[in-house]
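Here is a short briefing on one protein model. Please look over the sequence and the coordinates before reading on.

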Amino acid sequence: MKKERYLVPQDYMADPAVHVFNGRVYIYPSHDWDSGAGENDNGDHFEMKDYHVFSTDDIMEGEVIDHGKVLDVADIPWAGRQLWDCDVAEKDGKYYMYFPLKDKNDVFHIGVAVADKPEGPFIPQPDPIRGSYSIDPAVFREGDDYYMYFGGLWGGQLQRYRDNKALEEPHLEPDENPAIPSRIVRLTEDMLQFAEEPRPIVILDPATGEPLKAGDNTRRFFEASWMHKYNGKYYFSYSTGDTHRLCYAVGDNPYGPFTYQGCIMTPVVGWTTHHAIIEHKGKWYIFHHDCVPSGGKTWLRSLKVTPLEYDADGHIITIDGGGTGDE
């Protein structure tokens, strides 16, 4: 089997969400382009403005079909700017796209767009989800329930909130305090709102049983939540952001708590790292991105896939991302 594959060499795509619908693999990435915005910690250089959908029936060898543009910032009534990564869930033959977008006041919220087919096009709701904030929605189905994981620091604005309320003075936590957590929330039956207050995702240090600390920046959560199940266990995976690693923790239910297990992927070429993990035809894959094709331009990322393996104890075998972490 090939070790890796660039899936859309003709364009810049990143932050993939990936699902199998009707036996076919559908990929929902963000769409990078060079807007000319300067680089900063708020991510203003990530000026994405639309989504494309891609699909294939053979991840490592098959044709990857571009289904074209399926949603644009100009289509969204409450839009400001920066249409960052999305995810899609299916229920009762409808497909629901969840996307983060800054409103006209430059505050991130999460919106919903609906389609009749997994390849879209997606029609946005007139307003964002009530009570939503931050970025990186990832939806996980468990029986009849659907859960959204979300949140991201720095430009993702998660540091602006505590207990689902906006702070007058946003701040990161001191190194000795528990790290700012990702969030989980169950969705309503119509898939359009939160059915409860979002809750924190607690990641425990296996040595101490205590939540990971804010200063533990090679292990603590930063952004890019994803959830999958393997052998009955729940694998919560995420990016450490400024230390450029993909890590994971394991728990016994969708809400956690989760115990830290290790690093899935070392740094890639480029600043950001963001992923999706799926099983297809009995094999596991991790979809992610790097900046090799653009010569290291971190705002021009390329979508790729790599096989994922577990050891006999269910630990994910670490993948070399090919970067140094210095980008």
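The points below go from the whole chain to single strands and one histidine.

This is a predicted model. The protein has 24 strands and 0 helices. Its radius of gyration is 18 Å, close to the 20 Å that the globule rule gives for 327 residues, so the protein is as compact as a globular protein of that length.

**Overall dimensions and packing**

- Taken along the principal axes, the C-alpha atoms fill a box of roughly 50 × 50 × 45 Å.
- Of the 327 residues, 59% are buried.
- Among contacts with a separation of 6 or more, 54% link residues 24 or more positions apart.
- The accessible surface comes to about 13400 Å². Carbon and sulfur atoms account for 47% of that surface.

**Strand β3 and its two partners**

- Strand β3 covers residues 24-31. Of its 8 residues, 7 are buried, so β3 is largely enclosed by the rest of the structure.
- A14 has S30 of β3 as its bridge partner.
- The hairpin of β2 and β3 has 2 residues between the strands. There, N22 takes a positive phi near 55 degrees.
- Strand β4 (residues 50-56) also runs antiparallel to β3, and 3 bridges join the two.
- I27 has F54 of β4 as its bridge partner.

**The four-stranded open sheet**

- An open sheet is formed by 4 strands in the order β11-β12-β15-β16, with antiparallel pairing.
- Its edge strands are β11 (138-142) and β16 (199-200), and each pairs on one side only.
- Within the sheet, β12 (residues 145-150) and β15 (residues 183-186) pair over 4 bridges in the antiparallel sense.
- M148 stands opposite V185 of β15.
- As background, strands of a sheet pair through backbone hydrogen bonds, either parallel or antiparallel.

**H244 in its loop**

- H244 sits in the loop between β19 (233-239) and β20 (246-251).
- Is H244 buried or exposed? H244 has a relative accessible area of 4%. The cut-off for buried is under 20%, so H244 counts as buried.
- The side chain of H244 reaches the backbone oxygen of W271 at 2.8 Å.

Key. Residues are numbered from 1 along each chain as its sequence is written. This is a predicted model: local features need pLDDT of at least 70, side-chain atom pairs count only at pLDDT 80 or more; totals for chains, interfaces and linings use all residues. Side-chain values use heavy atoms; hydrogens and water are left out. Two strands pair if DSSP finds at least two bridges between them. Buried means under 20% relative accessible area, exposed over 50%, partly exposed in between (1.4 Å probe, protein chains only). A polar contact is a pair of N or O atoms within 3.5 Å; within protein, one must be able to donate a hydrogen and the other to accept it, and residues adjacent in sequence count only if both atoms are side-chain atoms. The radius of gyration is taken over C-alpha atoms; the globule rule is 2.2 Å times the number of residues to the power 0.38. Contact means heavy atoms within 4.5 Å. Accessible areas come from the Shrake-Rupley method with a 1.4 Å probe; for residues, only the protein chains shown count as cover.
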